[in-house]
Amino acid sequence: MSLPILAQLKSWLKKTQPQVTPQSVLGKAVNYLASNWSRLERYVETGFLPIDNNPTERAIKTFVIGRKAWLFSDMPKGATASAQIYSLVETAKVSGQEPYWWLRHVLERLSHAQSVAEHEALLPWNCSPEMPR
């Protein structure tokens, strides 16, 4: 379904690009499209990639909004810790886990994990923490 539309767009691009002034607003947009064409085509090559990154954008929105509040944080280590916690929480969400219960599950077991396999078993896509009902 997307391939015919991309083919039409590429045909239009090849026809239009030589006819517009590169400094014009349309020229800048056309040149941007041309320079990123391979990236636009990438999502149809394998069939499972989304055309946009909206889920990722939504996942980091809270962090981006909070970043302004943390701009004048006194401790770089605190900012690093916040980023790491955000990463864990968002990874848990993307993996279908409820973040609080997954983090609780992991923190209760992490000190007992000794092998790579035991650590990997705690990853959010590998474990199923029991949540109270």
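Which pattern does the chain follow when read along the sequence? The chain follows the pattern α-α-α-α-α-α-α, with seven helices and zero strands; helices (H or I, at least four residues) and strands (E, at least two) are DSSP runs, numbered from the N terminus. The model is predicted, and local features need pLDDT of at least 70, side-chain atom pairs count only at pLDDT 80 or more, and totals for chains, interfaces and linings use all residues. Residues are numbered from 1 along each chain as its sequence is written, and side-chain values use heavy atoms, with hydrogens and water left out.

Along the principal axes, the C-alpha atoms fill a box of roughly 65 × 40 × 30 Å. Of the 133 residues, 18% are buried, where buried means under 20% relative accessible area, exposed over 50%, and partly exposed in between (1.4 Å probe, protein chains only).

Helix α6 spans residues 99-109, and its buried residues are P99, W102, L103, H105 and V106. Seen down the axis of α6, these residues fall within an arc of 160°, so they line one face of the helix; the arc is that of the directions from the helix axis to the C-beta atoms. An α-helix has 3.6 residues a turn, so residues three or four places apart point the same way. The buried residues of α6 pack against α5 (76-94). At the start of α6, a side-chain oxygen of E98 comes to within 3.0 Å of the backbone nitrogen of Y100.

The largest nonpolar core has eight residues in all, namely V89, A92, W102, L103, V106, A113, L122 and C127. Such a core is a set of buried Ala, Val, Leu, Ile, Met, Phe, Trp, Tyr and Cys residues joined through side-chain atoms within 4.5 Å. The elements that give two or more residues to this core are α5 and α6, and α6 gives the most, with three residues. A second, separate core of six residues includes L6, L13, V20 and Y43.

The loop between α5 and α6 holds Q97, which is buried, with a relative accessible area of 14%. The side chain of Q97 reaches the backbone oxygen of P124 at 2.9 Å, and a polar atom of this side chain lies 2.6 Å from the backbone oxygen of C127. Not counting residues up to four places away in sequence, Q97 touches A92, W102, P124, C127, S128 and P129, contact being heavy atoms within 4.5 Å.

In helix α5, E90 is also buried, with a relative accessible area of 16%. The side chain of E90 makes a polar contact with that of K93 (3.2 Å). A polar contact is a pair of N or O atoms within 3.5 Å; within protein, one must be able to donate a hydrogen and the other to accept it, and residues adjacent in sequence count only if both atoms are side-chain atoms.
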